[in-house]
Amino acid sequence: MARTAVSGRLTWRVAELAETADLTASARRLVFDVPGWPGHLPGQHVDLRLTAEDGYSVQRSYSISSAPDGDRIELAVQRVADGEVSPYLCDVLAAGDQIELRGPVGGWFVWRPADQAPVTLVAGGSGIAPLMAMIRTRAAEGSRVPFRLVYSVRTPDDVYFADELRHRAREDAGLDVKLVYTRRTPEGSPEPPGRLGVATINTYAWPAEFTPNCFVCGPTGFVETVSDVLVALGHDPRRIRTERFG
Amino acid sequence: MAIVSPGFTGRRRSPDAQLPPGQYLAEDFPVLTAGPTPRVTTDRWEFTVSTEVGQRYNWSWQQLMELPAEKITTDIHCVTKWSKLGTRWKGVSLDVLLEDVETAADYALVQSYGGYTTNLPLEDLLDGQAWVAYRYDDDDLTPEHGGPARLLVPHLYFWKSAKWVRGIQLLLEDEPGFWESAGYHDYGDPWREQRYQGD
Amino acid sequence: MSDDHVDGNALAGDLREIFAVDLTAATGRCAGCGYQGSVATLRVYRNAPGLVARCPHCEEVVLRLVRGRDRAWLDLRGTVSLEIPLPS
């Protein structure tokens with residue numbers, strides 16, 4: 001069961017990169033060992049800090065994509081072409097290298113397995129990361145809370161955790177996965193590519209009458225659109241939790 | 001003590017004798033904002049100087065355009081540690097705008113569309129040190145960079161160069177602005193690295 | 001781009017550096033319009049010299065956080081009150 005540090009102020013910890021692999025052509029999963037990690041709730045994030053030789057330092061936030069697993073956490077990092085941090089994390093940082101991070105943080109965009117309400121997850125691009133932690137925690141805890149994931153990506157090549165999601169959609173009872181392609185669909189798909197709209201959300205998310213908890217994560221514009229649609233479909237704004245990553 | 005990440009340099013930058021302490025050279029022009037970008041059209045734009053006795057002096061966009069403008073080439077230094085060298089602007093000197101203003105004030109509180117404020121001594125706005133700038137790099141100033149017009153006070157950290165400027169309140173007593181009331185230095189001289197209160 | 005804001009969730013790390021409990025799950029009331037909601041629902045502008053959190057309803061500044069080298073400044077004049085959940 002997840003333990004969550006609720007007392008004491010947050011300090012930086014040293015984390016060591018344990019393993020890394022491509023998620024897509026432009027994203028990598030990074031698994032860190034964080035000695036003394038206090039555990040986390042799915043949806044929480046970490047702040048990560050890089051410091052150069054001359055003392056210059058930068059800080060970024062990344063959602064945790066893994067379920068609680070001892071001292072291990074997984075982050076999914078999208079490589080931003082002109083970014084200052086993500087190219088370093090994706091292309092330079094190697095297993096055994098150390099960085100600093102602090103967390104877990106955030107007590108609002110979290111799913112608590114004790115909450116029995118159905119869950120709608122809506123992800124845009126790399127916004128899948130914290131929602132993946134929820135899906136994995138649900139499975140790890142043997143939860144029977146019904147989950148529906150609507151995941152918007154540009155093309156089939158941009159799906160994070162594609163194999164795992166395919167597998168889980170089959171094996172995890174009570175988990176439905178709907179992929180929406182905005183630019184190019186898989187070969188043989190009957191649906192044309194298109195942006196996530198009212199019709200799709202109405203069809204694949206839990207209806208408002210079921211009073212689901214809705215978690216929406218993605219770029220600011222995407223989150224704005226999806227929240228508006230959910231509200232228009234009758235969902236209580238207080239049950240819609242969002243995480244914009246700018 | 002922070003651990004060093006091997007091979008991490010951050011944005012390409014070179015320590016440079018031309019730069020104030022702690023600053024790094026930026027190639028691009030970062031956009032910083034504390035809120036939504038105000039969209040102010042020039043037909044609605046107005047610039048107001050008000051004095052300590054409540055006297056007001058107003059300029060419309062048209063009137064601003066009719067005032068003598070200067071071309072300014074200057075280095076700028078943001079408190080978030082980037083500096084940009086040789087930026088090119090066009091605007092009206094505050095010496096021109098304040099020429100006929102009668103005041104005994106020592107301080108100025110600069111006000112912007114969108115609610116932003118910043119304070120500085122009145123003398124730092126005079127003697128060819130400050131402008132209301134409306135052109136950057138031979139183009140109209142974009143809203144992202146403070147258009148239609150922003151204050152330009154390049155000898156102080158760039159947060160003093162208020163974007164979307166709409167007026168200056170002249171005051172007998174110093175009144176802290178948006179960042180100055182939240183920990184940033186009252187004066188903000190980059191060469192003395194006056195970032196935070198107490199620096 | 002410049003209008004891009006993130007959620008109040010993004011305040012979590014910097015606030016937890018100061019406070020022993022997570023303040024993003026606290027319920028705040030805006031001094032400007034009376035909006036009441038989780039700190040996590042505020043609109044946070046972070047491409048700035050500090051973190052600026054605005055009310056999602058009236059866009060007034062409700063919280064500002066500046067981190068210096070060895071100090072932080074927290075300005076809450078835009079917040080009437082914070083209701084902070086605690087373990088019972």
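Welcome! In chain A, A:Leu121 stands opposite A:Leu149 in S8(A). What you see is a predicted model, where local features need pLDDT of at least 70, side-chain atom pairs count only at pLDDT 80 or more, and totals for chains, interfaces and linings use all residues. Residues are numbered from 1 along each chain as its sequence is written, while chains are lettered from A and ligands numbered from 1 in the order in which they are written. Helices (H or I, at least four residues) and strands (E, at least two) are DSSP runs, numbered from the N terminus.

**The sheet in chain A**

- Strand S7 (residues 119–124) and strand S8 (residues 147–153) of chain A pair in the parallel sense over six bridges; two strands pair if DSSP finds at least two bridges between them.
- An open sheet of five strands in chain A, with parallel pairing, has the order S9-S8-S7-S10-S11.
- At its edges are strand S9 (175–181) and strand S11 (240–244) of chain A, each of which pairs on one side only.
- From one strand to the next, the twist averages 10°, with axes being lines fitted to C-alpha atoms and angles running from 0 to 180 degrees between N-to-C directions.

**A hairpin and a loop in chain B**

- Strand S2 (residues 46–50) and strand S3 (residues 56–60) of chain B run antiparallel and are joined by five bridges.
- B:Phe47 has B:Trp59 in S3(B) as its bridge partner.
- S2(B) and S3(B) form a hairpin with five residues between them, and B:Gly54 in the turn has a positive phi of about 90°.
- B:Val101 sits in the loop between helix H2 (94–97) and strand S6 (107–112) of chain B.
- Beyond its neighbours within four places in sequence, B:Val101 is in contact with B:Val49, B:Thr51 and B:Tyr57; contact is when the C-beta atoms of two residues, placed from the backbone, lie within 7 Å.
- B:Val101 and B:Arg56 are 45 residues apart in sequence, and their C-alpha atoms are 8.9 Å apart in space.

**Chain C as a whole**

- Chain C has one helix and eight strands, which follow the pattern β-α-β-β-β-β-β-β-β along the sequence.
- The radius of gyration of chain C is 12 Å, which agrees with the value near 12 Å for a compact globule of 88 residues; the radius is taken over C-alpha atoms, and the globule rule is 2.2 Å times the number of residues to the power 0.38.
- The C-alpha trace of chain C spans about 40 × 35 × 20 Å along its principal axes.
- Of the 88 residues in chain C, 49% are buried.

**Where the chains meet**

- Between chains C and B, 16 residues of chain C are in contact with 17 residues of chain B.
- On the side of chain C that touches chain B, strand S5 (51–54), strand S6 (61–67) and strand S7 (72–75) of chain C each supply at least two residues.
- That side of chain C has seven nonpolar, four polar and five charged residues; Ala, Val, Leu, Ile, Met, Phe, Trp, Tyr, Cys and Pro count as nonpolar, Asp, Glu, Lys and Arg as charged, and the others, Gly among them, as polar.
- The contact between chains A and C takes 20 residues from chain A and 19 residues from chain C.

Conventions: A residue is buried if 20 or more other C-beta atoms lie within 10 Å of its own, exposed if 12 or fewer, and partly exposed in between; C-beta atoms are placed from the backbone.
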